[in-house]
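User: Could you take a close look at one part of this model for me? I would enjoy a connected walk through the side chains there and how they pair up.

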Amino acid sequence: MASDFKKLLVWQKSMDLTCAIYEAVKKLPPEERYSLSDQMRRAAVSVPSNIAEGQGRDTPNEFCRLLQISHGSLKELETQLIICKRLGYFEQPDFEYCINLIKETGKLLGGLISKIKSNSEN
């Protein structure tokens with residue numbers, strides 16, 4: 001494991017995603033400012049937060065568990081973005097940018113989870 005979570009590419013990418021979500025939710029209508037907006041921000045913040053917390057844990061199993069929680073938050077966030085798109089709240093470029101960041105972060109998370117599991121089996 002890396003000694004500093006900030007050096008993890010997956011953490012860096014998830015921070016980009018979090019900032020993109022904060023910018024995107026500014027475009028939501030006023031009636032969504034305290035419901036969908038808050039939920040999306042919480043899900044986005046959860047991703048890098050759980051990566052950082054997991055990296056700071058003592059065991060690979062704990063790190064993996066928190067990475068899996070991050071992965072779940074990504075799926076939650078993806079669902080919320082799809083809802084926003086279906087309701088016409090986001091333009092296609094904003095939607096695609098956030099979805100692509102989710103996909104990239106998800107691939108990195110999956111790779112890190114596999115690597116940790118593989119290393120802990122050896």
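Analyst: Happy to! Please keep in mind that this is a predicted model.

Asp38 and Arg41 both belong to helix 2, where they sit 3 residues apart, about one turn of the helix. Their side chains form a salt bridge, with N and O 2.4 Å apart. Arg41 has a relative accessibility of 22%, so it counts as partly exposed. In general, side chains of opposite charge can pair when their charged atoms come close. Across the whole structure, the search finds 8 salt bridges.

Further along helix 2 comes Ser46. With a relative accessible area of 16%, Ser46 is buried, because the cut-off for that label is under 20%. Beyond its neighbours within four places in sequence, Ser46 is in contact with Ser70 and Ser73.

Next there is a charged group to look at. Glu53 and Arg57 are joined by a salt bridge of 2.3 Å, N to O. Arg57 also forms a salt bridge with Glu62, and here the closest N and O atoms are 3.0 Å apart. Through these shared partners, Glu53, Arg57 and Glu62 are linked into one network. As for accessibility, Glu53 is partly exposed at 35%, Arg57 is partly exposed at 29%, and Glu62 is partly exposed at 25%.

Gln55 is buried, at 11% relative accessibility.

Lys6 leads us to a pair of aromatic rings. Lys6 lies over the face of Phe5, 4.7 Å from the ring centre. The count of aromatic pairs comes to 1. That pair is Phe5 with Trp11: the ring centres are 5.3 Å apart and the planes meet at 75°, so the arrangement is edge-to-face. The angle decides the label here, because planes over 60 degrees apart count as edge-to-face. Phe5 is partly exposed, with 25% relative accessibility, whereas Trp11 is buried at 14%.

Technical notes. Residues numbered from 1 in each chain as written. Predicted model: local features only at pLDDT ≥ 70, side-chain atom pairs only at ≥ 80, totals over all residues. Heavy atoms only, no water. Buried < 20%, exposed > 50% of the residue type's maximum accessible area, 1.4 Å probe, protein only. Phe/Tyr/Trp six-rings, centres within 6.5 Å; stacked < 30°, edge-to-face > 60°. Lys NZ or Arg CZ within 6 Å of the ring centre and 35° of its normal. Helix = DSSP H or I, 4+ residues; strand = E, 2+ residues; numbered from the N terminus. Contact = heavy atoms within 4.5 Å. Salt bridge = Lys/Arg side-chain N within 4 Å of Asp/Glu carboxyl O.
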